[in-house]
Amino acid sequence: MTSRRDFLTGTVGLAGGLALASIVTIRPARATPQTMAAAIKEVAGEVPIRKGKVKIDVPPLVENGNAVPVTISVESPMTAADHVKSIHLFNEKNPQPNIIGVHLGPRAGKAQLSTRIKLAAAQTIVAVAQLSDGSFWSGDADVIVTIAACVEDLQ
Amino acid sequence: MTARTLINVPAKARRGEVIEIKTLIAHPMETGYRVGLGGELIPRNIITTFVCNYNGEEIFRADFARAIAANPYLTFFTTATASGTIAFQWTGDNGFSASEEAPITVE
């Protein structure tokens, strides 16, 4: 028969194990600058990415990481011969490095888009644009976030 | 499944004018990383693709990842070429699909 002491130590051990397991499961792996570089490589391949032409407009200090307004613009005449084909936005500290990828053409008239994103921590976000001649250009911005998104509980 | 959407397209434009299109759709954009009251992970439920067609021709496409905020808001530009309709289509997890149209008159 189980003694009272055995029963108590058994249940405490079990509860501790469960608590540990839940702590482990609620913390997803964070993206790192390395995974961001890998995600950028998936878009650009081996083509070198030059800095410039791409501008990210984002508040330098945001209170709520759940909805951060971002505007990305790329300098381009947007003609049939010289236009922006795609724009991708990446982050380095969310659980996943990708944020958004858009495809546009000369009809856009203006290579600019605005949206709202989630950021899990103060970090650098990077935008990469592909031009019609195949070259890639990038721009980045630093954001400080006081309330993180993505990993908070509902409690 | 229907979702509330908000579209802002200028009703009239001059031919060749670059116009701004603003879109907003009601959607939770659940990341799949959040934990519910019972300690279980809430499954991912996001919009993955947005497509904009101008008189049947695709002019803009966006792939959303989990880092897009709830109720995805997106603005972009296009050149007004002809009168007609601009159609918007969102698709996502769990068979989510929503579409909207806006008329435009080009002079």
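**View 1. Chain B is built from strands.** Chain B has eight strands and zero helices; helices (H or I, at least four residues) and strands (E, at least two) are DSSP runs, numbered from the N terminus. From the N terminus on, the order is β-β-β-β-β-β-β-β. The C-alpha atoms of chain B fill a box of roughly 60 × 20 × 20 Å along the principal axes. This is a predicted model, in which local features need pLDDT of at least 70 and side-chain atom pairs count only at pLDDT 80 or more, while totals for chains, interfaces and linings use all residues. Residues are numbered from 1 along each chain as its sequence is written, and chains are lettered from A and ligands numbered from 1 in the order in which they are written.

**View 2. Burial and contacts within chain B.** Of the 107 residues in chain B, 31% are buried (20 or more other C-beta atoms within 10 Å of the residue's own, with C-beta atoms placed from the backbone). Take the contacts in chain B between residues at least 6 apart in sequence: 59% join residues at least 24 apart. Two residues are in contact if their C-beta atoms, placed from the backbone, lie within 7 Å.

**View 3. The side of chain B that touches chain A.** Here 28 residues of chain B are in contact with 35 residues of chain A. Two elements of chain B, β5 (57-64) and β6 (73-79), each give two or more residues to this side. β6(B) gives the most, with seven residues. By class, this side of chain B has 18 nonpolar, six polar and four charged residues. Ala, Val, Leu, Ile, Met, Phe, Trp, Tyr, Cys and Pro count as nonpolar, Asp, Glu, Lys and Arg as charged, and the others, Gly among them, as polar.

**View 4. Strand pairing between the chains.** Strand β7 (residues 112-117) of chain A and β6(B) run antiparallel, joined by two bridges. S114(A) stands opposite T75(B) in β6(B).

**View 5. The largest nonpolar core.** This core has 58 residues. A129(A) and I68(B) have the most contacts inside it. Strand β8 (residues 123-131) of chain A gives the most to the core, with five residues. Beyond its neighbours within four places in sequence, A129(A) is in contact with K53(A), V54(A), V74(A), V84(A), I87(A), F136(A) and W137(A).

**View 6. Confidence along chain A.** Mean pLDDT (the predictor's confidence in each residue, from 0 to 100) is 85 for chain A, and 83% of its residues reach 70 or more. Over residues 22-26 of chain A, pLDDT stays under 50. The model has three contacts beyond four places in sequence for residues 22-26 of chain A.

Notes:
Buried ≥ 20, exposed ≤ 12 C-beta atoms within 10 Å, placed from the backbone. Pairing = 2+ DSSP bridges. Core = buried A, V, L, I, M, F, W, Y, C linked by C-beta atoms within 7 Å.
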